[in-house]
Amino acid sequence: FLCVHNSARSQMAEAFLKKHGGERFSAESAGLEPGSLNPHAVRAMAEVGVDISGNATKSAFDLFKAGRVFQVVVAVCSKEAADRCPIFPGLAERLHWPFPDPASFAGDDESIMAHVREVRDTIEAAVVEFVSTH
C-alpha cells in the first residue's frame, strides 16, 4: 500500500490486510515522502483494536531500489500522487483506491477524528472486499 507520507492511509490499509487477510497475504506499506505516523490515525486504529503506534514509516523508493517484488500494489492517495509511484518489477496488478488525506483535515480534535474514522472505515471496507475477491 502506497501513499504520500506513509503516515495514515497506507498504514491503516496494511494493518487491515494483516487483520483480515490472515496467512493468505503479506502486506507492507510505504510512502513517496515518508513522514511520521499521524496521531489521529493511530488513535482511530486503536479504537478498533489495531495498534499501529510502533510502526515505522518507509520509503516506496527504498523498497523499489531494494528490488522488492509485489503481486499487487495499491495506491491509496490522489491520482496525481499515485502517478509518481515507482513501477515495481514483476507487478501483476496495480490498483488505485483514492482516500482523503487525514493530514489535510482541519477543525477541532473531535471533528478531525470523525473524518479520520470515516477514512478508516472506508479503507477497512475496501480491504475486506479485496480479500474476498483475491
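Q: How many nonpolar, polar and charged residues are in the lining of the largest pocket?
A: This is a predicted model, in which local features need pLDDT of at least 70, side-chain atom pairs count only at pLDDT 80 or more, and totals for chains, interfaces and linings use all residues. Residues are numbered from 1 along each chain as its sequence is written, and side-chain values use heavy atoms, without hydrogens and water. Ala, Val, Leu, Ile, Met, Phe, Trp, Tyr, Cys and Pro count as nonpolar, Asp, Glu, Lys and Arg as charged, and the others, Gly among them, as polar. By these classes, the lining has 14 nonpolar, 3 polar and 3 charged residues.

Q: Which kind of aromatic pair do Phe25 and Phe130 form?
A: Rings of Phe, Tyr and Trp (its six-membered ring) pair if their centres lie within 6.5 Å; planes under 30 degrees apart count as stacked, over 60 as edge-to-face and the rest as tilted. The centres of Phe25 and Phe130 are 5.6 Å apart and their planes stand at 50°, so the pair is tilted.

Q: Which kind of aromatic pair do Trp97 and Phe130 form?
A: Trp97 and Phe130 lie 6.0 Å apart, centre to centre. The angle between their planes is 70°, and the pair is edge-to-face.

Q: Is Phe130 buried or exposed?
A: Buried means under 20% relative accessible area, exposed over 50%, partly exposed in between (1.4 Å probe, protein chains only). Phe130 has 6% relative accessibility, so Phe130 counts as buried.

Q: Which residues do ring pairs link into a cluster?
A: The structure holds 3 aromatic pairs. Ring pairs join these residues into a cluster: Phe1, Phe25, Trp97 and Phe130.
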